[in-house]
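The following note sets out several numbered points on the structure shown below. Kindly read them alongside the sequence and the coordinates.

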Amino acid sequence: MPKIDEADETLLLDLLNTTPVVDGVPRDDLADVEAGREWLAAHGQPPAEGEWRTLIDARQALQRLVRGGGSASSVARFVDGVSHRPSVVDEGITWTLDLPRGRSAAARAVLAWDALRASSPGRLRPCANPECRRFLVDHSKSNSARWCSMAICGNRMKARRHYERSRRPQAD
């Protein structure tokens, strides 16, 4: 089975992160058809309304899975009919992914999730900031990344802990 493609990992993470909290307000970057079509086109996917609708459903199922809820069977319909077709070339065998029409972006995201789950267990996870709804893929050697962004969530959480420690009464 072919390994995860970097573009598909990016597609998955970008999809999961389309419902951020910005300045304390939840936002949906795929809220309407036009935004969905633009997002799909920017990720090299067919910018069709059917693709967008299926992508929204896949996003919800994948977010629930990554947060530890639901089961893998919740994403089965997005990969139904997907196949890899081998072709013999001078260098060996190449694989072509055959995707169902209207579900190609959703199928790619689900396949990327499964490849990460199998090859890098626990590395795709939600941000540790409870006020954030973003996700991260931890590529660090120590598997210790906690925040979607060190500059945003990491800094906020560290500053919050520092403030809480500084407010505690000092022991004599």
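1. A residue is called buried under 20% relative accessible area, exposed over 50%, and partly exposed in between (1.4 Å probe, protein chains only). By this scale, buried residues make up 31% of the 172 residues in the chain. The model is predicted, so local features need pLDDT of at least 70 and side-chain atom pairs count only at pLDDT 80 or more, while totals for chains, interfaces and linings use all residues. Residues are numbered from 1 along each chain as its sequence is written, and side-chain values use heavy atoms, with hydrogens and water left out.

2. The chain contains six helices and six strands. Helices (H or I, at least four residues) and strands (E, at least two) are DSSP runs, numbered from the N terminus. In sequence order the pattern is α-β-β-α-α-α-β-β-α-β-β-α.

3. Eight salt bridges are counted, each being a side-chain nitrogen of Lys or Arg within 4 Å of a carboxyl oxygen of Asp or Glu. One of them joins R108 and D8, with 3.2 Å from N to O. Because R108 belongs to helix α5 (residues 104–119) and D8 to helix α1 (residues 6–16), this pair ties together parts that are 100 residues apart in sequence. R108 is partly exposed at 22% relative accessible area, whereas D8 is buried at 13%.

4. Another salt bridge links R117 to D114, with the closest N and O atoms 2.6 Å apart. Both residues lie in helix α5, three residues apart, which is about one turn of the helix. R117 is partly exposed at 43% relative accessibility, as is D114 at 31%. R117 also lies over the face of W113, 5.9 Å from the ring centre; the rule requires NZ of Lys or CZ of Arg within 6 Å of the ring centre and within 35 degrees of the ring normal.

5. D29 and R27 form a further salt bridge, their closest N and O atoms being 2.7 Å apart. D29 has a relative accessible area of 29% and is partly exposed; R27, at 38%, is also partly exposed.

6. How many disulfides are counted? The count is zero, where a disulfide is a pair of cysteine sulfur atoms within 2.5 Å. C127 is buried, with a relative accessible area of 8%, and C132 is buried at 14%.

7. V88 lies in strand β3 (residues 83–89) and is exposed, at 73% relative accessibility.
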